[in-house]
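Notebook open, model loaded. I want to jot down what I looked up, one stop at a time.

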Amino acid sequence: SPDISALEAAVSVPEISAPMAGFPSYVVGEKDVDTFRYTFTLSEGDWDVILPRLKQPGCTVFITPTVAAKNNVKAGGRFTVTGLKGPVECMVAGLGAGGAAPFSVIGPGGRDLFVPTGRSPDRLIVRPQAGVDRAALEAELRVVAGHYPGKAYIFSADDGFTGIVRTADQLMMAFNGMLFLGLLGAALGMVK
């Protein structure tokens with residue numbers, strides 16, 4: 001059987017939006033907190049302190065150094081953010097980044113401060129246990145997702161990597177196109 005955990009919800013918290021204003025932050029499930037050690041790079045703090053902090057009741061956040069500088073706060077410090085029902089004081093568990101985008105993370109103890117009651121998780125993370133047939137598990141998950149057309153998607157790490165490579169290729173083509181136009185303009189200017 002798989003191990004299932006959740007990124008409980010994507011939420012809009014202006015004070016901790018990263019890498020740009022309006023970018024969502026994520027409230028994590030209890031099981032996901034321990035995986036941070038393997039998926040995030042620290043800028044300030046220590047995992048043996050950060051992980052227990054993120055599991056505390058109330059609002060604890062893991063933010064990027066840019067967000068920390070914007071709010072003039074360091075690891076272990078506190079600052080006020082906008083919650084579901086008004087201002088919320090949060091403790092900074094640590095600073096760092098991870099994944100393709102340096103988003104901010106809210107610990108599971110802050111879920112009720114940012115997520116409306118009854119809202120389902122935005123994303124479930126399924127990790128096969130040792131010895132599980134990954135192809136069979138993925139096939140079963142695709143059947144389940146098929147019952148929720150337009151609302152449920154299966155996304156693997158390979159899919160994510162492929163998406164990043166395709167986006168990078170498209171950006172390179174766009175940059176090469178702009179470079180070509182610039183060189184063409186320069187050449188035409190020299191011909192005059």
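Which polar atom lies 3.3 Å from the backbone oxygen of Leu54? I found that it belongs to the side chain of Thr60. I call a polar contact a pair of N or O atoms within 3.5 Å; within protein, one must be able to donate a hydrogen and the other to accept it, and residues adjacent in sequence count only if both atoms are side-chain atoms.

Ground rules before I go on. This is a predicted model, so I note that local features need pLDDT of at least 70 and side-chain atom pairs count only at pLDDT 80 or more, while totals for chains, interfaces and linings use all residues. Residues are numbered from 1 along each chain as its sequence is written, and side-chain values use heavy atoms, with hydrogens and water left out.

**Entry: the whole chain**

I counted 7 helices and 8 strands. Helices (H or I, at least four residues) and strands (E, at least two) are DSSP runs, numbered from the N terminus. Of the 192 residues in the chain, 30% are buried. Buried means under 20% relative accessible area, exposed over 50%, and partly exposed in between (1.4 Å probe, protein chains only). The chain exposes about 11,900 Å², and carbon and sulfur atoms supply 61% of that. Accessible areas come from the Shrake-Rupley method with a 1.4 Å probe; for residues, only the protein chains shown count as cover.

I also checked contacts, meaning heavy atoms within 4.5 Å. Among those between residues at least 6 apart in sequence, 67% join residues at least 24 apart.

**Entry: Thr60**

Back to Thr60, which sits in strand β4. With a relative accessible area of 1%, Thr60 is buried. Leaving out residues up to four places away in sequence, I see Thr60 touching Arg53, Leu54, Met91, Val105, Ile106 and Gly107.

**Entry: helix α3**

**Entry: Gly110**

Gly110 is buried, at 0% relative accessibility. Which residues does Gly110 touch, not counting those up to four places away in sequence? I get Gly58 and Cys59. Gly110 and Cys59 are 51 residues apart along the chain, yet their C-alpha atoms are separated by 4.3 Å.

**Entry: salt bridges**

My rule is a side-chain nitrogen of Lys or Arg within 4 Å of a carboxyl oxygen of Asp or Glu. That gives 3 salt bridges.

- Lys55 and Asp34 meet through their side chains at 2.9 Å, N to O. Lys55 is in the loop between α3 and β4 and Asp34 in the loop between α1 and α2, so the pair ties together parts 21 residues apart in sequence. Lys55 is partly exposed at 34% relative accessibility, and Asp34 is partly exposed at 37%.
- Glu89 pairs with Arg78, with the closest N and O atoms 3.9 Å apart. This links distant parts of the chain, Glu89 in strand β6 and Arg78 in strand β5 (residues 78-83), 11 residues apart. Arg78 is partly exposed at 48%.
- Glu138 pairs with Arg142, with the closest N and O atoms 2.7 Å apart. Both are in helix α6 (residues 134-146), and because they are 4 residues apart, about one helical turn separates them. Glu138 has a relative accessible area of 32%, Arg142 one of 41%.

**Entry: Ile154**

From Arg142 I hopped to Ile154: they are 12 residues apart in sequence and 6.5 Å apart in space, C-alpha to C-alpha. Ile154 lies in the loop between α6 and α7 and is partly exposed, at 25%.

**Entry: surface patch**

Last stop: Leu171, Met172, Phe175 and Met178 form a nonpolar patch on the surface, with about 420 Å² of accessible area together. Patches are made of residues with over 30% relative accessible area and no salt bridge; like charges are joined within 9 Å, nonpolar side chains (Val, Leu, Ile, Met, Phe, Trp, Tyr) within 5 Å. Phe175 is in helix α7 (residues 157-191) and counts as partly exposed, at 47% relative accessibility.
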